[in-house]
Amino acid sequence: MITIENLTKYYGSNRAVNNISFTINDNEILGFLGPNGAGKSTTMNMIAGYLPMTEGVVKIDGVDISQEPVKAKKNIGYLPEIPPVYPDMKVKEYLSFCAGLKQIPRGKRKDEVERVSKLLKIEDVSGKLIRNLSKGYKQRVGFAQALLGDPKFLILDEPTVGLDPNQVMEVRSIIKDLKKDHSVIFSSHILSEVSEVCSRVIIINKGDIRAIDTIEHLESTFGGSLVLHIRVKGSKTVSASVIELTKGVKEILSIDEIAADEYEFAVRLDGDADEIRTSLMSELMQNKINIVEIFTERPNLENVFIELINRPARKTSLEGLLDEIVPVDSSAESSKKEEN
Amino acid sequence: MFSIYKKELQSFFYTPFAYAITALFLFLFTYVFGSAIAGLEDTSTLVFSFTEVFYNILFYFIFLLPILTMRTFADERKFGTEVLLMTSPVSVMKIVISKFLANVTVFIFMIAGSVLFPIITAANGTVVMSQLICAYIGFFSWGVMFIALGMLISSFTESSVLAAIIGEVMMFVLLFIDDFAYTAFISQYPKLQNVLLAFAAQSRFTYFSQGFIRLSDIIFFISGTIVLLAWTYISIEKRRWNRG
């Protein structure tokens, strides 16, 4: 388990990370989401022990990284934003150098290098100079380096950047497989990726944590109310009045004419979607209106993300304060209370 | 720690770098050696001193050493591989020492080639061995200290070219600091003169080249190397704290 307490980083007088606290549990993939310049890379650099923190504590399995760096770093595999590769080395040379650097016993180095090369499918370039590799391959070599020695904790800073869609899928599935016996902290600004891979996400902007939560919970809390689309065949006025009068319907957002006598209604709901849908369907059928299609539009993480990062960081009114506290989980809540 | 040493050596010897710099050194050595012979007066016995050759080569060498050390830390920063070293379970001090040892190894490789000249001379005449060995010891200690200086300068910047240029200027200043200290102007201030002379490596090299091994000179070079390496360590750590 990695524990991060009150982590703060100043660059001169410029505050990059502001008093953030969270934990990364065992066998968990934690997503780290934020726009560019949010403090993602700085935080990851501090967790990996590259940058010293201005304030705060990072504990890797109970070992403080600034007190016992060598011991703590043994359990970490880190892939920084720019893959740390030497352009004038061959892939195989580079990986065995990294294996030595991570103090993997001499006899096991070769097997370890082969294992990670196979995992990331870079065996075919193992004899090539890194200088001549494409960005995607460099990225994968960097990732392979992080996996050497099978460290318990993996810190991956935008691991899929520069890969083609096929490789992105492969890398994602590798990350998912890692979940079995590793903890992964994974940063990205690609939302669909985070929602696919991670079980929990942290949303960060301008050095502040905006939310720590599971994806489902975030979506349901922040995504706004559900929107139902119904396509019907029949009279427009009858359908409109039936829909409007059904319990749980908040408002009709739009009515589009698809064909003659065929309309699509976008309806905002207020309450349990399944229940409302059932009653809507039966109401419409009773009024002899045929339903062609019906589906709900899920609020997606994108909306959550945009909403969260655009919130003002400092609470100006009591209402705003309550708004902020309700959706975040207990650890973020306590840190926010401390701020006030 | 050994992995870093090995990797550094690979980056010198798997590329033309070590060979090119050694070739350049030997070329300069040949030039100085050749001109020493060519400059001899035509008398019945030909006498010239190897120490003089070493003395003259010092001047050229200050342009070579920064080229050897310029990449040590500057390139790590430039390629972002510093992160890899700093996040590996190896302490910063060990990283500095491994890189230092690798540079010293290449330096030994460079001066090893120059042994050829005394051997050829010995085959056709006499070489004062004690003096020659002292000159080599002096040259080696001098080089080792300046490698540490070059590494320190390399840790200041991201550009290896800039590191080389600053290194050359610094080494030039240090080589001629005693000439400067003996100028009439500085002689007016004996205290300042003493301070400047304390940094003078050239006069200490003179003792070595004349066949003297003085404890104070040895301590000067060893302590100078240690101070510069410690400073390199501090400089790297400091930059991690201030990095913006």
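This is a predicted model: local features need pLDDT of at least 70, side-chain atom pairs count only at pLDDT 80 or more; totals for chains, interfaces and linings use all residues.

Colleague: Is K288(A) buried or exposed?

Modeller: Let's count around K288(A): there are 9 C-beta neighbours inside 10 Å. A residue is exposed if that count is 12 or fewer. K288(A) therefore counts as exposed.

Colleague: What is the phi of K288(A) near?

Modeller: As background, most residues other than glycine have a negative phi. K288(A) is a residue other than glycine, yet its phi is positive. The value is near 60 degrees.

Colleague: And D261(A), what is its phi near?

Modeller: D261(A) is in the loop between β12 (249–259) and β13 (262–269) of chain A. D261(A) is exposed, with 12 other C-beta atoms within 10 Å. Its phi is again positive in a residue other than glycine, near 65 degrees.

Colleague: How many helices and strands are there in chain A?

Modeller: Chain A has 340 residues, and 42% of them count as buried. Among its contacts between residues at least 6 apart in sequence, 69% join residues at least 24 apart. As for its elements, chain A has 13 helices and 14 strands.

Colleague: Is A16(A) buried or exposed?

Modeller: A16(A) belongs to strand β2 (residues 14–24) of chain A. Setting aside residues up to four places away in sequence, A16(A) touches K9(A), Y11(A), G39(A), T42(A) and G207(A). Its C-beta neighbours inside 10 Å number 21, and 20 or more are needed for a buried residue. So A16(A) counts as buried.

Colleague: Which element supplies the largest share of the side of chain A that touches chain B?

Modeller: The contact takes 25 residues from chain A and 21 residues from chain B. On the chain A side, α2 (69–73), β6 (76–79) and α3 (91–101) each supply at least two residues. That side divides into 16 nonpolar, four polar and five charged residues. The largest share, four residues, comes from α3(A).

Colleague: Are α2(B) and α3(B) roughly parallel or antiparallel?

Modeller: Helix α2 (residues 17–38) and helix α3 (residues 50–69) of chain B have axes 10 Å apart and pack at an angle of about 160 degrees. Residues making the contact include L24(B) and F25(B) of α2(B), and I57(B) and Y60(B) of α3(B); the contact as a whole divides into 14 nonpolar residues, one polar and one charged. The crossing is right-handed. Angles over 145 degrees count as roughly antiparallel, so α2(B) and α3(B) are roughly antiparallel.

Colleague: What is the handedness of the crossing of α3(B) and α9(B)?

Modeller: The axes of α3(B) and helix α9 (residues 160–175) of chain B come within 8 Å and cross at roughly 150 degrees. In this contact, residues of α3(B) including L58(B) and I62(B) meet residues of α9(B) including A163(B) and G167(B). The contact divides into 11 nonpolar residues, two polar and one charged. The crossing of α3(B) and α9(B) is right-handed.

Colleague: One last stop: what distance separates the C-alpha atoms of A102(B) and F2(B)?

Modeller: A102(B) lies in helix α6 (residues 92–113) of chain B and counts as buried, with 22 C-beta neighbours inside 10 Å. Leaving aside neighbours within four places in sequence, A102(B) is in contact with Y5(B), E8(B) and L9(B). A102(B) and F2(B) are 100 residues apart along the chain, and their C-alpha atoms are separated by 10.0 Å.

Notes
Residues are numbered from 1 along each chain as its sequence is written. Chains are lettered from A and ligands numbered from 1 in the order in which they are written. Two residues are in contact if their C-beta atoms, placed from the backbone, lie within 7 Å. Ala, Val, Leu, Ile, Met, Phe, Trp, Tyr, Cys and Pro count as nonpolar, Asp, Glu, Lys and Arg as charged, and the others, Gly among them, as polar. Axes are lines fitted to C-alpha atoms, for helices over the stretch in contact, and angles run from 0 to 180 degrees between N-to-C directions. Angles under 35 degrees count as roughly parallel, over 145 as roughly antiparallel, 65 to 115 as roughly perpendicular and the rest as oblique. A crossing is left-handed if the near helix is turned anticlockwise from the far one by less than a right angle, and right-handed if clockwise.
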